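Biologist: I have a model on my screen and want to learn how to read it. Can we go through it feature by feature?

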Amino acid sequence: MFQKNEVVEARVHDDRHGLFVKTRNPDRFYLLLNEVVATGEIEVESVAPVDDDLSAVYEYLIGAE
C-alpha cells in the first residue's frame, strides 16, 4: 500500500502502536486500506482524519503542503 502514489508520508508513532499516514487522495487511500485489511495481514483499530478543520481546507484550496 505504501508504494502507491496516494501515500505521501508514513510515520510510526513513538509508542510504536500507531501509524500516521498523509495522502493525496483520501478516497483512494481508504479503498486501498480496505483491501489490505481484508487480506487479514493487519488489524486496524481506528482511522481518524487529522485535517478536518478550516486551516486544512484553506491549504487544500491554495495548494500548500
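Biologist: Start with E6. Which side chain of opposite charge is nearest to E6, and how far away is it?

Modeller: Keep in mind that this is a predicted model. The nearest side chain of opposite charge is R28, 4.1 Å away. E6 is buried and has no salt bridge.

Biologist: Why does R28 not count as a salt-bridge partner of E6?

Modeller: A salt bridge needs a side-chain nitrogen of Lys or Arg within 4 Å of a carboxyl oxygen of Asp or Glu.

Biologist: Where is E6 in the chain, and what is E6 in contact with beyond its sequence neighbours?

Modeller: E6 is in the segment before β1, which covers 7–12. Leave aside neighbours within four places in sequence. Then E6 is in contact with K22, T23, R24, N25, R28, F29 and L32.

Biologist: How many salt bridges are there by this rule?

Modeller: The count is one. The side chains of E9 and R11 form a salt bridge, at 3.2 Å from N to O.

Biologist: Are E9 and R11 buried or partly exposed?

Modeller: Look at relative accessible area. Buried means under 20%, and exposed means over 50%. E9 has 29%, so E9 is partly exposed. R11 has 45%, so R11 is partly exposed as well.

Biologist: Now the surface. Which residues make a nonpolar patch?

Modeller: Y30, V37, I42, V44 and V47 make a nonpolar surface patch of about 370 Å². Take Y30 as an example. Y30 is in helix α1, residues 26–38. Its relative accessibility is 35%, so Y30 counts as partly exposed.

Biologist: What is the overall layout of the chain?

Modeller: The protein chain has two helices and two strands. From the N terminus, the order is β-β-α-α. Buried residues make up 11% of the 65 residues. The chain exposes about 5800 Å², and carbon and sulfur atoms supply 50% of that area.

Biologist: What share of the contacts joins residues 24 or more positions apart?

Modeller: Count contacts with a separation of 6 or more. Residues 24 or more positions apart account for 17% of them.

Biologist: Which element has the lowest mean pLDDT, and which the highest?

Modeller: Helix α2, residues 54–62, has the lowest mean pLDDT, at 68. Helix α1 has the highest, at 89. The protein chain averages 81, and 78% of the residues score at least 70. Where pLDDT is low, predicted coordinates should not be read in detail.

Technical notes. Residues numbered from 1 in each chain as written. Predicted model: local features only at pLDDT ≥ 70, side-chain atom pairs only at ≥ 80, totals over all residues. Heavy atoms only, no water. Patch = residues over 30% accessible without salt bridge, like charges linked within 9 Å, V, L, I, M, F, W, Y side chains within 5 Å. Areas by Shrake-Rupley, 256 points an atom, 1.4 Å probe, with all protein chains shown as cover. Helix = DSSP H or I, 4+ residues; strand = E, 2+ residues; numbered from the N terminus. Buried < 20%, exposed > 50% of the residue type's maximum accessible area, 1.4 Å probe, protein only. Lys, Arg positive; Asp, Glu negative; His and termini not counted. Contact = heavy atoms within 4.5 Å. pLDDT = per-residue confidence, 0-100.
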